[in-house]
Amino acid sequence: ISDALEKYDKPKNTAPTFPAWYGFKTKPRAHQLEALNKIYEQRAIALFMSMRTGKSKTVIDFACARRMEGLADRLLIVCPLSIRKNWIREFDVHAPIPIDAHLLDTARKLDDWLGEPHDFKCLIVGVESLATGKAAGLAEKFLLSGTRTIMVVDESSKIKNPRANRTRVCISLGLKAETRLILTGTPVANGPIDLYSQFEFLDTDIIG
């Protein structure tokens, strides 16, 4: 049988890898580079990485490379309110290109910020704020202001409850983004059902 199989052409591995031309601002660790090679050009991505293993750096390098190739023009990050400013610090440390980050506050401030010229804008929204319609509407406005948007839900275990308003809002917003990522280092507490809403955000038809 093995001799017979040798007669057939084996499919070549054509999976895209992270661009070799990309200039990292900070050197990635082996597991971060492995992740980047696996997720580049994907549209629904889950980074289940332990705490303090550099999920945010991985996302920043992914988003910057996509922007540099013209494959992304907006970045929306949804995370707990307590860590919003962490993302701004991470941009300063790891982003090789300028990122204009804005913490969602009021509609007027968002309009003023959107009107300012910048090559790569990032809106950072507290997941708790999405329980109200106002923040959700402003986040949607930001997504629709671009044509090739990336949406990230950091600490995605915060949207594991399918009955929660913020979960439903995140899933709805995700439909308006071209690329979606979830990040978490929190172990599954109650079995696979904890992952259902997180994966529905990635793709509403992800399990058929």
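Helices α3 and α4 are oblique to each other, a class that takes in the angles left over once those under 35 degrees are counted as roughly parallel, those over 145 as roughly antiparallel and those from 65 to 115 as roughly perpendicular. The model is predicted, and local features need a pLDDT of at least 70 while side-chain atom pairs count only at pLDDT 80 or more, whereas totals for chains, interfaces and linings use all residues. Residues are numbered from 1 along each chain as its sequence is written, and side-chain values use heavy atoms, with hydrogens and water left out.

**Helix packing**

- Two packed helices are described by the angle between their axes together with the distance between those axes.
- Helix α3, which covers residues 55-68, packs against helix α4, which covers residues 84-94, at an angle of about 60°, and their axes are 10 Å apart; the axes are lines fitted to C-alpha atoms, for helices over the stretch in contact, and the angles run from 0 to 180 degrees between N-to-C directions.
- Helices, like strands, are taken from DSSP runs and numbered from the N terminus, a helix being H or I with at least four residues and a strand being E with at least two.
- The crossing in which α2 passes α3 is right-handed.

**Residues of helix α4**

- His-94 lies in helix α4 and counts as buried because its relative accessibility is 12%, where buried means under 20% relative accessible area, exposed means over 50% and partly exposed lies in between, with a 1.4 Å probe and protein chains only.
- The C-alpha atom of His-94 is separated by 9.6 Å from that of Pro-28, although these residues are 66 residues apart along the chain.
- Ile-88 also lies in helix α4, and with a relative accessibility of 27% Ile-88 counts as partly exposed.
- Ile-88 and Ile-99 are 11 residues apart along the chain, and their C-alpha atoms are separated by 9.0 Å.

**Salt bridges**

- The count comes to nine salt bridges, each being a side-chain nitrogen of Lys or Arg within 4 Å of a carboxyl oxygen of Asp or Glu.
- One of them joins Lys-57 to Asp-61, with the closest N and O atoms 2.7 Å apart, and both residues lie in helix α3, four residues apart, which is about one turn of the helix.
- Both partners are buried, since Lys-57 has a relative accessible area of 4% and Asp-61 has one of 0%.
- Lys-109 forms a salt bridge with Asp-105, the closest N and O atoms being 2.9 Å apart; Lys-109 is partly exposed at a relative accessible area of 44%, and Asp-105 is partly exposed at 45%.
- Lys-176 and Glu-140 meet through their side chains in a salt bridge with an N to O distance of 3.6 Å.
- This pair links distant parts of the chain, 36 residues apart, with Lys-176 in the loop between α7 and β6 and Glu-140 in helix α6 (residues 133-144).
- Lys-176 is partly exposed, with a relative accessible area of 30%, and Glu-140 counts as partly exposed at 29% relative accessibility.

**Positive phi angles in loops**

- Glu-41 is not a glycine, yet Glu-41 has a positive phi of about 75°; this residue is found in the loop between α2 (30-39) and β1 (44-48) and counts as partly exposed at 43% relative accessibility.
- Glu-155, likewise not a glycine, has a positive phi of about 55°; Glu-155 lies in the loop between β5 (149-154) and α7 (165-174) and counts as partly exposed at 25% relative accessibility.

**Nonpolar surface patch**

- Ile-193, Tyr-196, Ile-206 and Ile-207 form a nonpolar patch on the surface, and together they have about 440 Å² of accessible area, as computed by the Shrake-Rupley method with a 1.4 Å probe, where for residues only the protein chains shown count as cover.
- Patches are made of residues with over 30% relative accessible area and no salt bridge, with nonpolar side chains (Val, Leu, Ile, Met, Phe, Trp, Tyr) joined within 5 Å and like charges within 9 Å.
- Ile-193 is found in the loop between β6 (179-184) and α8 (196-202), and Ile-193 is exposed, with a relative accessible area of 59%.

Conventions. A crossing is left-handed if the near helix is turned anticlockwise from the far one by less than a right angle, and right-handed if clockwise.
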